[in-house]
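Here are my notes for someone opening this one for the first time. Have a look at the picture, then read the points in order.

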Amino acid sequence: METEVLIIGGGVTGTGLARDLAFRGISCIVLEKDMINSGASGRNHGLLHSGARYVSSDLVSAMECKKEGDILKKIAPHCIEETGGLYVATRNDSEDYISLFPQLCKKAGIPCQELSVKDALELEPGLSNDIVAAFRVEDASVDPFHISLENMNQAIEYGARYFSHCKVTKIITGSKAIQKVVVKDTANKKIFDIESKIVVNASGAWAGEIAKLAGIHVDMIYSKGTLLITHNRITNHVINRLRIPSDGDILVPGGTVSIFGTTSRRVHTLERIQASIEETDSLVREAKAILPELENTRYIRAYAGVRPLINEKDSQENSSGDDRAVSRGFSLMDHKEDKIDNFITITGGKMTTFRLMAEKTANLVAKKLKNTQKCQTALRPLQSKAPSQMTEAGISFKSWTKKHDKDDIIMCECEMISKNQFKHLISWLKKSKKEAGLNALRIHSRLGKGACQGTFCCQRVTGLMYDEAYLKEDDGIHNIKDLLHERFVGQRPILWNGQLSQAELSEALYCGFYGLELTK
Amino acid sequence: MESFQHIETDLFIIGSGMAGMSAAIFAANRNIKSVLSGGAGGLEHSSGLLDLWGASLTQKGRVTKKPWDMLPKIYEHMPDHPYANLKKNTLSKAFLELTTSLKTQGLTYTGYDALNSMVMTPFGTLHPTYRLPITMKSNVEAFKKKEPCLILDFKGLREFSAVFFKEVMKKDWPGISTQCLEFPDTQLRPEVSTPFLARSFETRQVQEKFISLVKPFLKGKTYLGLPAILGVNACDKVLTALEKELNINIFEIPTPPVSVPGIRLKETMMKALEGSSVTILQNKRVTKVLKASNKGFECELGSNIFPAIVHAKAVLIATGRFLGRGLYADQKKIHESIFDLPVCQPKTREEWHMPDFFNLNGHRINQAGIETDDLFRPVMNNKKPVFNNLFASGSILAHQDWVRSKCGAGLSIGTSFHTITNFLKYKTR
């Protein structure tokens with residue numbers, strides 16, 4: 001297989017880069033070892049930062065966030081909910097930081113309006129009565145899956161190619177250049193080669209491992225962050241705790257739920273990154289200071305991601321193991337300096353600034369390829385023809401009611417997804433020959449993401465997939481087992497009270513009745 | 001002040017799932033003056049299969065066809081299991097008495113004396129059970145014979161896909177064909193549920209339309225399989241009528257909750273209790289325990305309409321686990337909901353669940369629950385009963401994992417039977 005640019009990593013940066021290159025007429029392939037957004041891109045708050053969070057620690061990042069946030073709101077309004085954000089402080093938070101905050105925002109050009117405590121409580125009655133200060137900023141909520149799917153699908157419409165479940169196993173270098181990349185398709189175990197003029201390592205936290213295959217050392221810090229999803233939407237605004245960034249500071253509404261987090265724990269391996277019970281409990285403990293409701297609310301899931309941070313010489317692990325001090329700026333490395341001319345690594349950064357990261361990387365790629373096309377990603381709508389909007393909570397229901405098709409029935413009650421919507425998605429997946437099965441439907445829609453976490457919908461949708469000849473033999477059983485296992489990993493840390501009953505029902509059904517634990 | 005209705009009784013059964021309802025049947029058969037209260041759910045969520053024991057204790061990850069052979073192994077290796085407290089004779093008497101009561105009301109159960117039957121599920125997996133509704137008798141037979149068989153599903157029914165079933169089965173059983181039909185008189189319903197279909201199936205008109213609809217597809221077939229919808233209150237009759245007129249063996253495939261076989265159980269048991277010594281307070285939950293002592297109990301059943309206080313000489317809690325709300329868990333601990341009884345449980349939440357959902361060892365939280373003495377009276381840490389006249393039965397009991405052992409019905413029926421027969425002894429003492 002040949003291409004001009006091979007992009008390793010199907011996260012928001014890799015897919016954003018594919019879109020950028022495709023617009024410039026440069027052919028590219030995206031390789032993803034798992035599925036779209038399986039790394040940090042799919043494991044964050046879904047917060048489009050106003051930039052205010054970084055005003056004290058990293059002014060450049062703060063300003064980038066502001067600029068990029070404005071661009072994304074223009075080019076991808078359908079992926080973003082402009083919720084606005086509040087910064088609130090409690091009695092225990094540093095007064096110096098509170099009083100400095102508006103000045104720092106002003107310096108960075110980030111709009112920030114001071115609110116009285118009374119006004120803040122009127123806007124968000126769920127806030128603790130003990131808050132002492134509040135500011136309003138332009139935070140927004142973004143659907144990272146929707147963004148990455150739009151990136152990739154639009155790139156594909158402009159000629160890019162995408163391979164999921166394809167892992168880079170070897171990088172073969174000759175004199176001063178990568179000659180070819182050896183890839184293993186983990187779904188069918190086939191091995192193939194890709195030759196490309198340029199290779200871009202956009203593998204996020206895995207950037208160090210990929211670079212190592214080419215014999216290059218990239219010093220990464222792995223900072224694990226755990227987040228919790230609530231059963232209901234708790235607030236309308238993004239709520240930030242006004243203090244020096246710490247655990248459990250941010251609550252982001254996302255459609256019908258809210259996402260609360262994060263922790264920051266230094267880890268030394270990328271194996272088995274899962275939310276732990278200890279982190280979950282520590283988040284819930286922190287939560288009640290600003291939002292008392294979070295102590296007793298029902299959580300439906302916990303998940304963890306690893307922030308890809310570059311270890312710069314002067315940044316050292318501090319005693320608390322908190323890596324928030326490490327820059328959240330991104331790193332673009334031209335490995336020409338390491339004597340491999342056609343190899344680039346882009347990592348670090350934040351989801352909010354992915355487009356800028358892609359632009360800078362694409363500029364470097366274009367320069368190497370002597371392509372003179374300018375970047376167009378900030379000007380053109382980030383919208384493909386694919387049915388990727390189904391990742392957004394609430395959208396399925398809206399389109400179901402709008403169509404008013406009396407014969408179209410609901411298959412998933414938690415997220416209100418109809419039979420025809422699944423059928424449409426299945427036929428599109430069949431045509432595009434992308435990932436197959438229940439997990440693919442989960443990635444491309446809200447399947448399994450509601451309160452039942454797949455208990456009721458996954459058997460119905462599996463039945464539908466059989467009816468549509470999308471599955472054969474015992475595929476469905478494996479599909480269901482994989483989905484339930486994956487969903488369970490995220491539920492395990494929050495299994496108490498309501499969600500524990502849900503898990504009990506799920507086990508009674510799938511083990512007690514169907515006996516799936518006994519199938520091979 | 002609300003005005004409470006005061007109800008006096010000998011035995012107050014709390015819970016209307018398999019354990020509570022079977023205890024009520026056993027109490028009624030013995031003319032014990034009882035009151036039963038409970039929320040909705042429970043039996044409607046059961047599969048309608050009466051399992052005794054399905055998991056092999058000699059080969060991990062396998063099922064057993066010989067449930068009675070497992071009993072000595074339970075006595076030996078699982079001395080804390082509630083079954084260790086029950087003789088084979090007690091368990092088989094309990095099953096017999098319950099299925100006899102059901103049959104009297106028109107719901108026939110069948111099965112082998114010594115063996116489990118393997119019932120095919122909608123996924124094409126086999127579920128080992130001890131007693132199954134007569135409407136599923138040919139389900140077990142058909143799989144053994146693997147003769148030409150038509151599997152039906154229905155337009156708008158989300159809980160069952162005939163193609164799913166066929167695809168999983170086809171390697172071993174190539175003679176399965178499928179057909180999706182529009183169920184009679186459902187043209188205007190885009191979505192249908194199994195309870196709805198079952199109730200319409202009881203009318204003669206629908207049966208006739210169904211017969212003419214399905215007839216053309218039966219040539220050369222020995223069996224006709226369909227999701228469990230052959231009537232709610234008269235399934236024995238619906239089955240016989242259809243088999244006779246279509247001249248074919250018909251079987252039901254049990255469906256996930258809310259399931260028709262579960263509703264049949266509930267409604268048949270309610271019928272059996274009509275005019276008996278058991279008073280049923282439906283959809284009422286105990287909200288407060290006002291008095292609890294060895295002399296008796298006073299429990300408040302909160303409700304805006306007809307709030308009641310039950311005065312009982314003895315109480316049986318058959319309140320189930322987390323889903324039934326007999327137990328609830330906060331972030332740190334598992335609690336018993338009504339009397340705050342001691343709950344036997346792992347030390348930390350970390351130990352509640354294995355990392356892997358399908359782990360063959362099962363999750364430790366499922367072994368948590370109420371420890372009892374050999375009369376199934378909840379005990380304190382010193383193993384003495386909390387009260388002389390407080391009993392517990394069913395899935396709330398500790399040291400069992402009914403889901404993985406496939407012993408849900410047997411656990412409920414057996415422990416309730418033991419409790420009720422012992423209650424008589426206790427009462428006369």
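1. Before the counts, one term: a residue is called buried when its relative accessible area is under 20%, exposed when that area is over 50%, and partly exposed in between. Keep in mind, too, that this is a predicted model. For chain B, 59% of its 429 residues count as buried.

2. What does chain A consist of in terms of helices and strands? There are 14 helices and 22 strands. The radius of gyration of chain A is 23 Å, close to the 24 Å that the globule rule gives for 520 residues, so chain A is as compact as a globular protein of that length. Its C-alpha trace spans about 60 × 60 × 45 Å along the principal axes.

3. Chain B has 11 helices and 17 strands. With a radius of gyration of 23 Å, close to the 22 Å from the globule rule for 429 residues, chain B is also as compact as a globular protein of its length. Along the principal axes, the C-alpha atoms of chain B fill a box of roughly 70 × 50 × 40 Å.

4. Next, contacts along each chain. Take the contacts in chain A with a separation of 6 or more: residues 24 or more positions apart account for 72% of them. In chain B, the corresponding share is 68%.

5. On to surface and charge. Chain A exposes about 20500 Å², and carbon and sulfur atoms supply 49% of that. The accessible surface of chain B comes to about 17600 Å², with 51% belonging to carbon and sulfur atoms. Chain A carries 69 positive and 65 negative side chains, and the centres of the two sets lie 5 Å apart. Chain B has 54 positive and 39 negative charges, whose mean positions are 3 Å apart.

6. How is chain A divided up in the domain assignment? Domain 1 is given as 2-40 + 145-219 + 328-369, domain 2 as 76-140 + 221-310, and domain 3 as 388-518. The C-alpha centres of domain 2 of chain A and domain 3 of chain A lie 29 Å apart. Their contact takes 18 residues from domain 2 of chain A and 19 residues from domain 3 of chain A.

7. For chain B, the assignment gives domain 1 (5-104 + 263-428) and domain 2 (122-253). The centres of these two domains of chain B, taken over C-alpha atoms, are separated by 33 Å. In the contact between them, 17 residues of domain 1 of chain B meet 18 residues of domain 2 of chain B.

8. Which residues of α6(B) are buried? They are Thr194(B), Pro195(B), Leu197(B), Ala198(B), Ser200(B) and Phe201(B). That is six of the eight residues of α6(B), so this helix is largely enclosed by the rest of the structure. The buried residues pack against β7 (149-154), α7 (204-214), β9 (223-227), α8 (235-246) and α9 of chain B.

9. Some backbone details to check by eye. Most residues other than glycine have a negative phi, and most peptide bonds are trans. The bond from Gly261(A) to Thr262(A) is cis, with omega near -10°, and Thr262(A) sits in the loop between β16 (257-261) and β17 (265-267) of chain A. Another cis peptide bond joins Pro257(B) and Val258(B), with omega about 0°. Val258(B) lies in the loop between β10 (249-253) and α9 (260-273) of chain B.

10. Then the positive phi values. Glu473(A), not a glycine, has phi near 45°. Glu473(A) belongs to the loop between α12 (457-467) and α13 (475-491) of chain A, and is partly exposed at 40% relative accessible area. Asp185(B) has a positive phi of about 60° although it is not a glycine. Asp185(B) is in the loop between β8 (176-181) and α6 (194-201) of chain B, and is partly exposed at 37%.

11. Last, where does Leu509(A) lie? Leu509(A) is in helix α14 (residues 497-513) of chain A, and at 4% relative accessibility it counts as buried. Leaving aside neighbours within four places in sequence, Leu509(A) is in contact with Thr455(A), Gln459(A), Tyr514(A), Pro256(B) and Pro257(B). Pro257(B) also takes part in the cis peptide bond to Val258(B).

Methods. Residues are numbered from 1 along each chain as its sequence is written. Chains are lettered from A and ligands numbered from 1 in the order in which they are written. This is a predicted model: local features need pLDDT of at least 70, side-chain atom pairs count only at pLDDT 80 or more; totals for chains, interfaces and linings use all residues. Side-chain values use heavy atoms; hydrogens and water are left out. Helices (H or I, at least four residues) and strands (E, at least two) are DSSP runs, numbered from the N terminus. The radius of gyration is taken over C-alpha atoms; the globule rule is 2.2 Å times the number of residues to the power 0.38. Contact means heavy atoms within 4.5 Å. Accessible areas come from the Shrake-Rupley method with a 1.4 Å probe; for residues, only the protein chains shown count as cover. Lys and Arg count as positive and Asp and Glu as negative; His and the chain ends are not counted. The place of a charge is taken as NZ of Lys, CZ of Arg, CG of Asp or CD of Glu. Domain bounds come from an automatic or database domain assignment. Buried means under 20% relative accessible area, exposed over 50%, partly exposed in between (1.4 Å probe, protein chains only).
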